[in-house]
Amino acid sequence: MRVLQSLALVASFARLLVNGQDACKPQDRTFSTEQTPAGKYQPSSVFMNPTSGLMSSKFYVSIVNLTPHRIKLENTHSYQMDTFDFGDIPQGRGRQNTVKYRNRIATQDDAGEAYYRIDGTDRKFALRLKGTGPAVDQRSVTVDLSEMNLGQRVYKFPGGESSVSLVITGSAKYGFYASIRHDRGGWMRWIYNTIKDRPIRHLFLPGTHDSGMSKITNKITSIGNSFNTQNQGINIYDQLRAGSRWFDLRIGSVHDNDNANRILGFHTLHVNDETASLSIGNSGESLDEVVSEINLFTRENPGEVVFFSLRYLIGRYEFPDRGPIYWNTQLWNDFLSKLRGVNNRCPDLDTSVPFQNQPASYFMDRNDGKGCVIFLLNGQNLRGVPKESVGDGLYAQNRIGLKDHWSNMQSTDSMAPDQVNNFKNLKRGGNGDFNQFHIAQWLVSPDALASTTYGLQAFALQQANPTLYWAGVSGMSPESWPNVMMVDYVGVQQKDQTGWNTLSAEMYWLGVGMNLYVISENCDVNKWKSPLIKARELELAGGEEWNGIIYANGTVLDHPSPELHPGHSSVLRNGTIFANGSVLETTILNPWI
């Protein structure tokens with residue numbers, strides 16, 4: 001009886017909290033409707049060319065503010081720059097800031113610094129631009145967050161007229177976080193109290209396109225290579241650590257050229273048409289590798305929800321010139337036996353409720369709190385075999401109401417507006433709530449000549465991914481956002497630099513910040529006051545405090561001297577221009593550290 005009375009008291013107290021000071025109230029909203037200046041897309045016809053790109057003198061630094069505080073520009077100074085345009089970043093917005101060196105051949109003196117303050121707090125940070133020569137890799141920006149106890153990072157620009165991006169989330173009450181490094185792998189478990197009661201359709205999840213194509217393994221003989229067929233730079237395990245929770249996996253069986261009954265293994269594939277007489281493309285990770293990497297991640301990071309959308313599900317000969325091999329019962333069973341090796345699958349889910357309508361906790365609490373790995377099968381190529389195995393945790397893709405939007409456009413300046421226009425009018429919460437799960441594919445689809453000439457990696461690093469942090473963010477709000485933001489080359493900032501310490505964490509913190517801040521400001525979705533403005537936060541906020549330095553080559557100093565600030569201009573030279581337009585008439589020591 002006493003237990004029941006205690007439970008009743010707890011329930012009453014919870015209702016009081018929801019109806020009282022801890023309830024989400026529209027008047028507490030901080031998300032800004034202010035529009036930042038329109039950004040510029042990299043002109044692909046010119047600067048995708050490595051030769052002309054190397055001689056570029058214009059670059060961008062995009063800042064995303066996923067906090068309830070305005071990020072205010074306090075001052076700038078620049079020397080031998082034609083353009084040094086930085087500005088405030090309103091709450092919930094992204095701004096592309098522009099830098100143009102006066103000379104194509106930069107010198108040690110070409111430099112500029114922008115100083116920011118988090119409004120309403122004592123937290124400050126600086127951006128330090130430096131040029132030491134004519135090439136792109138001799139132009140860099142140091143993101144100095146040491147006054148926020150978040151460390152420093154030196155970035156090189158990935159190409160001509162390209163961008164470096166910075167995402168900041170958190171708050172003075174919750175703690176601040178920034179994208180110069182990743183935090184714990186299990187970000188969903190970390191913010192469990194914030195997202196547990198939200199249906200899956202009210203979450204934002206980072207995702208990856210052609211997720212298994214982090215390498216070229218030549219299990220089929222075709223003309224696909226790392227330039228035109230590889231879509232990721234890191235494997236499934238590292239994509240998970242980098243924040244991804246939705247995976248586009250295209251699985252095929254590979255068969256001996258002379259004996260279709262001899263199976264050479266199951267592999268991820270990327271081909272132009274898996275059912276064509278002649279398929280052009282290549283193979284990536286094996287299914288065995290994928291299974292091992294999933295298990296490693298979930299063992300280290302229990303409590304996450306991870307979706308794998310499985311396509312193709314068909315066989316091809318080693319030389320894929322004789323059409324497809326449709327799976328028979330034996331192939332289907334072999335495939336099932338592989339996936340049964342994945343730990344923390346979720347068999348026998350309630351299929352009477354579309355998955356997008358289940359709360360996040362329904363999945364996160366399964367397997368004794370170890371979370372859920374959910375396989376969704378696109379069975380269009382499955383003939384005469386089952387299209388799901390509910391008892392094994394493999395579900396037909398229509399168990400979740402999907403809207404998957406692929407622009408199929410070759411340039412970012414066409415793709416980005418198309419994607420934004422497709423998701424910005426999705427109403428979330430209340431009457432007329434968009435009741436499906438929307439996937440935005442933030443990627444370009446260059447033709448065979450362009451992709452083979454420049455590489456899909458260059459299109460991702462120089463064009464598509466950077467625009468997400470001003471054009472994409474500007475299209476999202478507490479009332480409209482996609483459920484999955486799918487990208488190529490997640491985490492990679494510099495071409496072919498895929499060591500963990502060389503990766504950048506913009507997508508990771510975009511995922512955290514969208515759920516913690518932007519979506520939390522929609523009171524029809526989030527019944528509780530935003531965790532970023534509560535007087536006391538119940539979740540365990542943040543990881544270990546770190547105030548080190550990460551250099552562009554991945555070298556890490558965990559405990560640098562407090563006086564060490566890479567890229568800092570120790571003197572301001574005669575001719576230095578400040579934010580208010582005044583010009584320095586004599587060389588002085590730099591008063592800003």
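**View 1. A cluster of aromatic rings.** Ring pairs link Trp246, Phe307, Phe355, Tyr362, Phe363, Tyr395 and Phe437 into a cluster. Rings of Phe, Tyr and Trp (its six-membered ring) pair if their centres lie within 6.5 Å; planes under 30 degrees apart count as stacked, over 60 as edge-to-face and the rest as tilted. A search of the whole structure turns up 24 aromatic pairs. One of them joins phenylalanine 355 to phenylalanine 363 edge-to-face, at 6.0 Å centre to centre and 75° between the planes. Both phenylalanine 355 and phenylalanine 363 are buried, where buried means under 20% relative accessible area, with a 1.4 Å probe and protein chains only.

Before the next view, a word on the model: it is predicted, so local features need pLDDT of at least 70 and side-chain atom pairs count only at pLDDT 80 or more, while totals for chains, interfaces and linings use all residues. Residues are numbered from 1 along each chain as its sequence is written, and side-chain values use heavy atoms, leaving out hydrogens and water.

**View 2. Helix H11 and its covered side.** Helices (H or I, at least four residues) and strands (E, at least two) are DSSP runs, numbered from the N terminus. Helix H11 covers residues 412-423, and its buried residues are Thr412, Met415, Ala416, Gln419, Val420 and Phe423. They cover an arc of only 120° around the axis, which puts them on the same side of H11; the arc is that of the directions from the helix axis to the C-beta atoms. What covers these residues includes strand S18 (402-405), strand S19 (437-441), helix H13 (456-474) and strand S20 (484-487).

**View 3. Strand S20 and its partners.** Val484 and Met486 point one way from S20, Met485 and Val487 point the other way, and all are buried. Two strands pair if DSSP finds at least two bridges between them. Strand S11 (residues 205-208) runs parallel to S20 and is joined to it by four bridges, with leucine 205 partnered by valine 484. Three bridges join S19 to S20, also in parallel, and here glutamine 441 has methionine 486 as its bridge partner.

**View 4. Two arginines over tyrosine rings.** The charged end of arginine 383 sits over the ring of tyrosine 326, 3.9 Å from its centre. Arginine 139 lies over the face of tyrosine 101, at 4.5 Å from the ring centre. A charge sits over a ring if NZ of Lys or CZ of Arg is within 6 Å of the ring centre and within 35 degrees of the ring normal.

How values were computed:
Buried means under 20% relative accessible area, exposed over 50%, partly exposed in between (1.4 Å probe, protein chains only). Contact means heavy atoms within 4.5 Å.
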